[in-house]
Amino acid sequence: MSATAEAPTTAEPATETFSERLKAATWSDHATAEHHGFTKALLDGELPLEGYTAMVAQHYFAYAALERVGRILADDPVAGRFDYPELERVPALEADLEHLLGADWSDQISPTPATRTYVARIEQMADHPAGFVAHHYTRYMGDVSGGQFIRRIAAKAYDFTDNAGVAFYVFDALGSLPKFRTGYREHLDSLDLDEAAAAFLIQETRLAYQLNTEVLADLGRRHV
């Protein structure tokens, strides 16, 4: 045996993927939105039905804007990677609102000031594809993750049956949700972004969480 031991080799640290970087950079913002009083009441099954209905109505305005901008950017090399027609939520939201409010639901709802601010920001992203991805990620990845828990809680709390009232959270067209989430993260990791664009996407995601939190805060003042 040699008198001098060979120095152990040190493995190179694994490179952080962009999806990991995005999640880490926005985790506190995500947690703030998730633990808001309105959300807590919803998850505890204590939110009045009118509060749940108001949330669905505000979702409608946000997703109508998000999906409208998504169609504008469908051929963009960045935003177009996230063109999933099977993700679109507006038809499901319309069905939920008809169940909750009746056939004249569109005459009974309007965006709150916080939602109008949120919608305006989403619409601005038609000129900023990386920013659109930030809003897309914030909403849809939440819907196919924690949104599934909300679906079960709401169905039980409000005695919904056959997905009536919770169609928004039904993603049967996606197949396996864990597999979809993995593929979505892979799309994020494959984006060809320079550092400025990557930083903008991260910052816009943080803003998206903030705008969502402000919508929840407004709903909380009205319904909790």
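Me: Which residues do ring pairs link into a cluster?

Reply: In this predicted model, the cluster joined by ring pairs consists of Phe82, Tyr84, Tyr137, Phe180 and Tyr184. The structure holds 13 aromatic pairs.

Me: What makes Tyr84 and Phe180 an aromatic pair, and what makes the pair edge-to-face?

Reply: The ring centres of Tyr84 and Phe180 are 5.1 Å apart, and rings pair if their centres lie within 6.5 Å. The planes of Tyr84 and Phe180 stand at 70°. Planes over 60 degrees apart count as edge-to-face, so that is the label.

Me: Where in the chain do Tyr84 and Phe180 sit?

Reply: Tyr84 is in the loop between α3 and α4, and Phe180 is in helix α8 (residues 177-189). The two are 96 residues apart, and the pair links distant parts of the chain.

Me: Why is Tyr84 called buried, and how do you know that Phe180 is buried?

Reply: The cut-off for buried is under 20% relative accessible area. Tyr84 has 14%, so Tyr84 is buried. Phe180 has 10%, and therefore Phe180 is buried.

Me: Why is the pair of Tyr158 and Phe160 called tilted?

Reply: The planes of Tyr158 and Phe160 meet at 45°, with the ring centres 5.5 Å apart. Stacked needs planes under 30 degrees apart and edge-to-face needs over 60, so the rest count as tilted. Both Tyr158 and Phe160 are buried.

Me: Why are α3 and α5 called roughly parallel?

Reply: Helix α3 (residues 49-72) and helix α5 (residues 113-124) pack at an angle of about 10°, with axes 9 Å apart. Angles under 35 degrees count as roughly parallel, and α3 and α5 are therefore roughly parallel to each other.

Me: Which residues make that contact of α3 with α5?

Reply: From α3 come Gln58, Phe61, Ala62, Ala65, Leu66, Arg68 and Val69. From α5 come Thr115, Tyr118, Val119, Ile122 and Glu123. By type, the residues of the contact are eight nonpolar, two polar and two charged.

Me: What makes Arg68 partly exposed?

Reply: Arg68, in helix α3, has a relative accessibility of 38%. Buried requires under 20% and exposed requires over 50%, so a value in between is partly exposed. Arg68 therefore counts as partly exposed.

Me: How far is Arg68 from Arg81 in sequence and in space?

Reply: Arg68 and Arg81 are 13 residues apart in sequence and 16 Å apart from C-alpha to C-alpha.

Me: How do you know that Thr112 counts as buried?

Reply: Thr112 lies in the loop between α4 and α5. The relative accessibility of Thr112 is 7%, and the cut-off is under 20%. Thr112 therefore counts as buried.

Me: Which residues does Thr112 touch, leaving out those up to four places away in sequence?

Reply: Thr112 touches Gln58, Asp218 and Arg222. Of these, Gln58 is also one of the α3 residues in the contact with α5.

Me: How many helices and strands does the protein chain have?

Reply: The chain has nine helices and zero strands. The pattern along the sequence is α-α-α-α-α-α-α-α-α.

Me: What are the figures for the chain as a whole?

Reply: The C-alpha trace spans about 85 × 40 × 35 Å along its principal axes. Of the 224 residues, 48% count as buried. The chain exposes about 11,700 Å², with 52% of that supplied by carbon and sulfur atoms. Among contacts between residues at least 6 apart in sequence, 84% join residues at least 24 apart.

Conventions. Residues are numbered from 1 along each chain as its sequence is written. This is a predicted model: local features need pLDDT of at least 70, side-chain atom pairs count only at pLDDT 80 or more; totals for chains, interfaces and linings use all residues. Side-chain values use heavy atoms; hydrogens and water are left out. Axes are lines fitted to C-alpha atoms, for helices over the stretch in contact, and angles run from 0 to 180 degrees between N-to-C directions. Helices (H or I, at least four residues) and strands (E, at least two) are DSSP runs, numbered from the N terminus. Angles under 35 degrees count as roughly parallel, over 145 as roughly antiparallel, 65 to 115 as roughly perpendicular and the rest as oblique. Contact means heavy atoms within 4.5 Å. Ala, Val, Leu, Ile, Met, Phe, Trp, Tyr, Cys and Pro count as nonpolar, Asp, Glu, Lys and Arg as charged, and the others, Gly among them, as polar. Buried means under 20% relative accessible area, exposed over 50%, partly exposed in between (1.4 Å probe, protein chains only). Accessible areas come from the Shrake-Rupley method with a 1.4 Å probe; for residues, only the protein chains shown count as cover. Rings of Phe, Tyr and Trp (its six-membered ring) pair if their centres lie within 6.5 Å; planes under 30 degrees apart count as stacked, over 60 as edge-to-face and the rest as tilted.
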